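Visitor: I am new to this structure. Please take one part, look at it closely, and then show me what surrounds it.

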Amino acid sequence: MFPGMSSTHETTVKQFIADVGADRTRLLDVALAVQKRYGHISNEAVATMASGFGLHAVEVEDTLSFYAFLDRTPRGQFRIRLSQTPISLMKGAAMIARAFEASLGIAMGETTPDGKFTLEWTNDIGMADQEPAALINNAVLTNLPEAEIPGIIANLRQRPDGEDPFPLKSSVQPSLIQTGPLLAAQFAPGDAIRAALAITPDQVIDEITRSQLRGRGGAGFPTGMKWRFTRKSAGEHHYVVCNADEGEPGTFKDRMLLTDFPDLVFDGMVVAGYALGARQGIVYLRGEYTYLWDSLQANLKARRENGLLGASIWGRAGFDFDIRIQLGAGAYICGEESSLLESLEGKRGAPRDRPPFPTEHGYLHQPTAIDNVETLACAARIMVNGAAWFSGIGTRESTGSKLLSVAGDCTRPGVYDLPFGMTINDLLDLVGAPDAAFVQYSGPSGQAVAPKDFGRQIAYEDLSTGGSTMIFNADRDVLDIARQCMDFFVSESCGWCTPCRVGTTLLKQGMEKIVAGRATHADIQALESMANTVSRMSRCGLGQMAPNPVLTTMRDFPERYEACMRSELFMPTTSLNDALREAVSIQGREPAEANA
Amino acid sequence: MDQTSSFPRAETTASVPKPIRFVVDGTIVEAEPGQSVLQACDDAGIYIPRLCYHPDLAPAGNCRVCTCKINGRNSAACVTPAVHGMAVENDTPQLTADRRTLIEMLFVEGIHPCPYCVASGDCELQALGYRLGMVAPTETYQWQPRTMDATHPDITLDHDRCILCSRCIRASRMEDGKTIFAFSGRGIEMHLNVDADGGLGATQMAAIDKAASVCPVACIVIKRDSYKIPDGRRRFDTMPIGADIEARRAKP
């Protein structure tokens, strides 16, 4: 099913290693190349990688086993992944899954006997405005009609083995619904670079600082300050990293930016490179967005040809800066900046303890500024329009506009470029969601916002957000959504620290008991206590925020918990009948007093 | 397991004051530049409960038991550099409760049958459970599918007991120069992995390796070495964990 696995195998893997100069920090690139070529990473490939990189096999395995998109056992030639999120399920992902199962004759998680197809669930793939969607190898098919699935399968089935090009084209639709301050004006490649080069690097940082730009990934750290720290930190090299590991379920605005406004983002990176004194920028692009690879590379190539990237940018002698793209391989945690750095260095994406901060010891222990895609786009716009223009938009503590990814129960899902300071009510009117019952705001790691808070502002000082905005009407159960959010954190916890590794699983189980209507008052109290411990004791932002689905629904939807609560002092998690199910199936008979 | 050398004595510092001074629960602690909060507190005879930390190994911050409130923020003391003027809360009811919950998590994540475990009385997990006031596991046992690796002639590796503290990983890599161990997988499915398909017996692991002596529980156990010290007379049977550190504290 895959090209020759034996004698050429070792030669090929060795070539992949040679392609990255046997640089251990590029292990992920080699792993992805092997995965793409052979459909999995065999024991022989691991051994070849270990010797080629001067590592122990157990270290290679440590990295490989971390990433959801890397396999150690053969899987189907065509990998069909459906995203399993509250939004995708609402839009019919379960029906699409059944249609794929019927067409292929296998269940989710299985591979067809001929080794052609593997069908499985994955977490959010960044298509919340176009669900149900499927990721087939690297192609993204969106707004999938159930009726088309047999045709898709038939098309793939008749492909000769391993033939390029891939028969499917991505069908991602434009996502920008409402343009605004960040995106409305024309922008030509190099506009921001030219503006930046007219002033000194320190003045660039001053300008960014005056604009009061804050990180758009959700944490809201002042960008000018981050750039200042990075510039001032001593190091052999300085690095600019663009965090395009957009993994928060419900968000897709970075995908939109990289699709429709890559020049704004790349210009922003070059401006940051100039301000920091960096020679290299890296875009960490989530594996789910591999379909963007060709267009982004084409853009970078054109920039090099036009003097907007490479040596002596814009004719400025001594200003050399280039950008490479690092693909991720299916790990939400890599959006956390220190995990991202570990992944960039070819390791498992486990977060680092801070201090030291990346601004001092980042990529390869060098000073590194890691900025969200949208933050860099803002920086480019500020260079052109000026700090005063930017800080004149929004609120006192939240300047500029925010890209919101809106999906769920609304008539106009998509990306909205809106000045900070709007209320949730304003937003709901705009997107066509008159009967919203609650909003999962800033993703699973954010909060479930109840109608009583719809008058609050979208701003760092009130309701802070990374952009994910999932809207639910009264037909949806806020507790069930919270349970699904916990499922997400269980599958994305990196495992490094105890509270997140074990705690997310315990919280998920606690929510399951509640949703099943088997939780007592004591169970709910214990769950709240556990959630707070996980939040206080976890090592990084993922674990610290993972309990939010539980804690914010307990705070704002207590009536839902009361409605599910049992009055008994104690209820076992499993009913006696369920506990006996295995024994019943072995014995082939029900207990004498069934349903006792 | 012989872990009598786990906690080296504090160096006698004579009367030369150290350059860094900070406050832990109202007590002034001195530190040398480069010391972590935990190391400085150890020297000063203030015990911060910890599990994955080992004095001979670089800290890794896995277990989070040594989390203290430092300048108002929770941080693991083993990986937080001591800084002049910092305010550390260590012995508070909240932190004790949170640390106890972490211990309870580890008890239900793996399988830890204290009454018949070879490490009982010499187990840091068990000893911390006692010290932090754990009465019984209150969380749901996870019963994860894990294996026992008895392929090595001198060492057993019981994955059911593993608490993913990474001590053996660090010791093998840094002290033994062997890299026998690493993690595999992620999240709740993360587990300890060895550098050979054939199990521990197919690796270069030796019973005299540092990695064989740093396990805080009964995951890595030297064969034919158990029960030399009878139950009731082991390390933590005679005094609570941390008492050796607290004994260093200068009497007022």
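Guide: Strand E12 of chain A, residues 436–441, is joined to strand E13 of chain A, residues 447–449, by 3 bridges. The two strands run antiparallel. This is a predicted model. A:Gln440 faces A:Ala448 in E13(A) across that pairing. Together E12(A) and E13(A) make a hairpin, with 5 residues between them. In the turn sits A:Ser442, whose phi is positive, about 70°.

E12(A) has another partner, strand E14 of chain A, residues 468–473. Here the pairing is antiparallel too, over 5 bridges. A:Tyr441 lies opposite A:Thr469 in E14(A). How many of the 6 residues of E12(A) are buried? The count is 5, so the strand is largely enclosed by the rest of the structure.

Now to charged pairs in chain A. A network of salt bridges links A:Lys452, A:Asp453, A:Arg456, A:Asp462, A:Arg555 and A:Asp556. Over all chains, the structure holds 65 salt bridges. One of them joins A:Glu374 to A:Arg216, with the closest N and O atoms 3.9 Å apart. This pair links distant parts of the chain, 158 residues apart. A:Glu374 belongs to helix H15 (residues 373–385), while A:Arg216 is in the loop between helix H9 (201–211) and H10 of chain A. A:Glu374 is buried, because its relative accessible area is 0%. A:Arg216 counts as buried as well, at 0% relative accessibility.

A:Arg354 and A:Glu336 form a further salt bridge, and their closest N and O atoms are 2.8 Å apart. Their places are 18 residues apart. A:Arg354 is in the loop between helix H14 (337–344) and strand E9 (368–372) of chain A. A:Glu336 is in the loop between strand E8 (322–327) and H14 of chain A. A:Arg354 is partly exposed, at 25% relative accessibility. A:Glu336 is buried, at 14%.

Helix H10 of chain A, residues 223–232, holds A:Met225. That residue is partly exposed, because its relative accessibility is 39%. With A:Phe221 and A:Phe229, A:Met225 forms a nonpolar patch on the surface. The patch has about 270 Å² of accessible area together.

Next, the meeting of the chains. In contact are 40 residues of chain B and 37 residues of chain A. Between them the chains bury about 3200 Å², of which 54% is on carbon and sulfur atoms. On the chain B side, B:Arg64, B:Met105 and B:Arg186 lose the most area to chain A, together 23% of what that side buries. The interface has 5 salt bridges. A:Glu59 and B:Arg173 meet in a salt bridge through their side chains, at 3.8 Å from N to O.

Chain B has its own sheet to compare with the strands above. Its 3 strands form an open sheet in the order E6-E7-E10, with antiparallel pairing. E6 (148–149) and E10 (220–222) stand at the edges with a single partner strand each, so one side of each lacks a neighbour in the sheet. Strand E7 of chain B, residues 155–158, is joined to E10(B) by 3 bridges. B:Thr156 has B:Val221 in E10(B) as its bridge partner.

Is B:Gly199 buried or exposed? It is buried, because its relative accessible area is 10%. Beyond its neighbours within four places in sequence, B:Gly199 contacts B:Asp149, B:Thr151 and B:Val194.

Terms used. Residues numbered from 1 in each chain as written. Chains lettered and ligands numbered in written order. Predicted model: local features only at pLDDT ≥ 70, side-chain atom pairs only at ≥ 80, totals over all residues. Heavy atoms only, no water. Patch = residues over 30% accessible without salt bridge, like charges linked within 9 Å, V, L, I, M, F, W, Y side chains within 5 Å. Areas by Shrake-Rupley, 256 points an atom, 1.4 Å probe, with all protein chains shown as cover. Salt bridge = Lys/Arg side-chain N within 4 Å of Asp/Glu carboxyl O. Helix = DSSP H or I, 4+ residues; strand = E, 2+ residues; numbered from the N terminus. Buried < 20%, exposed > 50% of the residue type's maximum accessible area, 1.4 Å probe, protein only. Pairing = 2+ DSSP bridges. Contact = heavy atoms within 4.5 Å. Buried area = accessible area lost by both parts, 1.4 Å probe.
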